[in-house]
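The sequence and structure come first.

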Amino acid sequence: VHMIKVQIADKTGHMEELEMSPAETAELVQENSSMWTYVDNTLVQASQIDETNLSTAGTVRMLPGLVGGC
């Protein structure tokens with residue numbers, strides 16, 4: 001079974017690392033669609049994530065979205 005290293009950062013910069021299946025990863029990304037998601041260092045919209053396009057991914061990083069301004 002293919003497993004993906006999933007790294008989830010919070011606003012403080014703390015990062016949690018998990019090993020998940022493509023299906024579990026797709027579900028997590030879709031549940032946290034406000035986060036910026038990088039699949040093997042490429043920014044991907046949560047709406048475009050599914051189990052198929054994660055079947056060869058090695059790493060998924062989820063970061064809080066950056067907001068500009070004061």
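## Confidence

pLDDT is the predictor's confidence in each residue, on a scale from 0 to 100. The model shown here is predicted. Its mean pLDDT is 92, and 96% of the residues score at least 70. Among the elements, strand E1 has the highest mean pLDDT, at 97, while strand E4 (residues 42-44) has the lowest, at 94.

## Helix H1

Five residues of H1 are named as buried here: Pro 22, Thr 25, Ala 26, Leu 28 and Val 29. They lie on the same side of H1, because the arc they cover around the axis is only 165°. An α-helix has 3.6 residues a turn, so residues three or four places apart point the same way. The cover over the buried residues of H1 includes E1, E2 (15-20), E3 (36-39) and E5.

Thr 25 belongs to this helix, which spans residues 22-31. Thr 25 counts as buried because its relative accessibility is 0%, against a cut-off of under 20%. Beyond four places in sequence, Thr 25 touches Ile 4, Val 6, Met 20, Leu 54 and Val 60.

## Nonpolar core

The largest nonpolar core holds 16 residues, and Val 6, Val 39, Ile 49, Leu 54, Val 60 and Met 62 have the most contacts inside it. E1 (4-9), H1 and E5 (59-63) each contribute at least two residues to this core. In soluble globular proteins, nonpolar side chains tend to be buried together.

Apart from neighbours within four places in sequence, Met 62 contacts residues including Val 6, Ile 8, Leu 28, Val 29, Met 35 and Trp 36. Gln 7, Asn 32 and Thr 37 are also among the contacts of Met 62.

How values were computed
Residues are numbered from 1 along each chain as its sequence is written. This is a predicted model: local features need pLDDT of at least 70, side-chain atom pairs count only at pLDDT 80 or more; totals for chains, interfaces and linings use all residues. Side-chain values use heavy atoms; hydrogens and water are left out. Helices (H or I, at least four residues) and strands (E, at least two) are DSSP runs, numbered from the N terminus. Buried means under 20% relative accessible area, exposed over 50%, partly exposed in between (1.4 Å probe, protein chains only). Contact means heavy atoms within 4.5 Å. A nonpolar core is a set of buried Ala, Val, Leu, Ile, Met, Phe, Trp, Tyr and Cys residues joined through side-chain atoms within 4.5 Å. The arc is that of the directions from the helix axis to the C-beta atoms.
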